[in-house]
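Have the sequence and the 3D view open as you read.

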Amino acid sequence: MADIKSKEARSYNMSRIKNKDTKPEEKLRKALFADGFRYRKNDKRLPGKPDIVLAKYRSCIFVNGCFWHGHKGCPKFVLPKTNVEFWLAKIENNRERDLRDYTFLESRGWRVIVVWECELAKADFRNTVSEIQRQLDINRESWLEEIADRKKRREEWRAEMRRRKEKASSLLNGMIL
C-alpha cells in the first residue's frame with residue numbers, strides 16, 4: 001500500500017517525533033513524583049541518556065516506545081510495509097544500542113529498569129508504577145548494602161595500613177636503639 005502523504009509531509013511528520021519528554025515519560029514521571037520519588041531527566045552524563053535517573057536508588061529508567069525499540073509481541077509494534085529493509089535495520093540498531101547502554105550502566109553499578117510504552121496504558125498503569133516502586137525499593141536496599149560493604153572494606157584497609165605503619169615504625173625504632 002502506498003503512503004497517503006507526500007514525501008515532504010511524511011518527512012515533516014517524522015521530524016516532529018520527540019526523543020525526550022514524551023507523553024509516556026511524563027505520565028510515569030508525574031506518578032513517581034506524586035509518590036515522593038525525586039529524579040533527574042535525561043542525564044547526559046550516563047550512556048543512553050536515561051529518561052529517569054534516581055541516583056539515591058542507583059537506578060535508571062528507560063521508557064521505550066514500542067515501535068521505535070521493536071517491542072516483540074506488542075500490538076503497537078507494526079513494521080511498516082514500505083522501505084522494510086530500512087526499518088528493520090533502524091529498529092535493530094536501536095535494540096543493539098539499548099543493550100550496549102544497559103550493559104555498560106549495569107557494569108558501573110546502576111540498576112536498569114525498562115518500561116514499555118504499552119505498559120503505561122490506563123489498564124496497566126497503576127500495576128506498572130507499583131512494580132517500578134517495588135523494584136526501586138529493592139535497588140535502594142541493595143545500593144545501601146553495597147555502600148556499607150565498601151565502608152567496611154575501607155575501614156579494614158585503613159586498619160591494615162595503620163598496623164603496617166606501626167610495625168615499620170617499631171622495626172625502625174629497634175634498629176636505631
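## Ground rules

This is a predicted model, so to speak: local features need pLDDT of at least 70, side-chain atom pairs count only at pLDDT 80 or more, and totals for chains, interfaces and linings use all residues. Residues are numbered from 1 along each chain as its sequence is written, and side-chain values use heavy atoms, with hydrogens and water left out.

## The sheet

Four strands make an open sheet, ordered 1-2-3-4 with mixed pairing (strands are DSSP E runs of at least two residues, helices H or I runs of at least four, both numbered from the N terminus; two strands pair if DSSP finds at least two bridges between them). Strand 1 and strand 4 (111–116) are the edges: each has a single partner strand, so one side of each lacks a neighbour in the sheet.

Strand 2 runs antiparallel to strand 3 (59–64), joined by 3 bridges, and Val53 has Cys60 as its bridge partner in strand 3. The hairpin of these two strands has 4 residues between them, and Arg58 there takes a positive phi near 50°. On to strand 4: strand 3 pairs with it in the parallel sense over 6 bridges, with Phe62 partnered by Val114.

How many of the 6 residues of strand 3 are buried? It's 6 of the 6, so the strand is largely enclosed by the rest of the structure (buried means under 20% relative accessible area with a 1.4 Å probe, protein chains only). Ser59, Ile61 and Val63 point one way, while Cys60, Phe62 and Asn64 point the other.

## The helices

Helix 2 (23–34) lies across strands 1, 2, 3 and 4, at about 145° to strand 3 (angles run from 0 to 180 degrees between N-to-C directions, on axes fitted to C-alpha atoms, for helices over the stretch in contact). Helix 3 (84–107) also packs on the sheet, touching strand 3 and strand 4, and its direction makes about 170° with that of strand 3; contact means heavy atoms within 4.5 Å.

Buried residues of helix 3 include Trp87, Asn94, Asp98 and Tyr102, and their cover includes helix 1 (7–15), strand 3 and strand 4. After helix 3 comes Gly109, with a positive phi near 90°.

## Asp51

Asp51 sits in the loop between strand 1 (40–41) and strand 2 (52–54). Asp51 is buried but has no salt bridge, the nearest oppositely charged side chain being Arg29, 6.5 Å away (a salt bridge puts a Lys or Arg side-chain nitrogen within 4 Å of an Asp or Glu carboxyl oxygen).

Definitions and conventions. Buried < 20%, exposed > 50% of the residue type's maximum accessible area, 1.4 Å probe, protein only. Lys, Arg positive; Asp, Glu negative; His and termini not counted.
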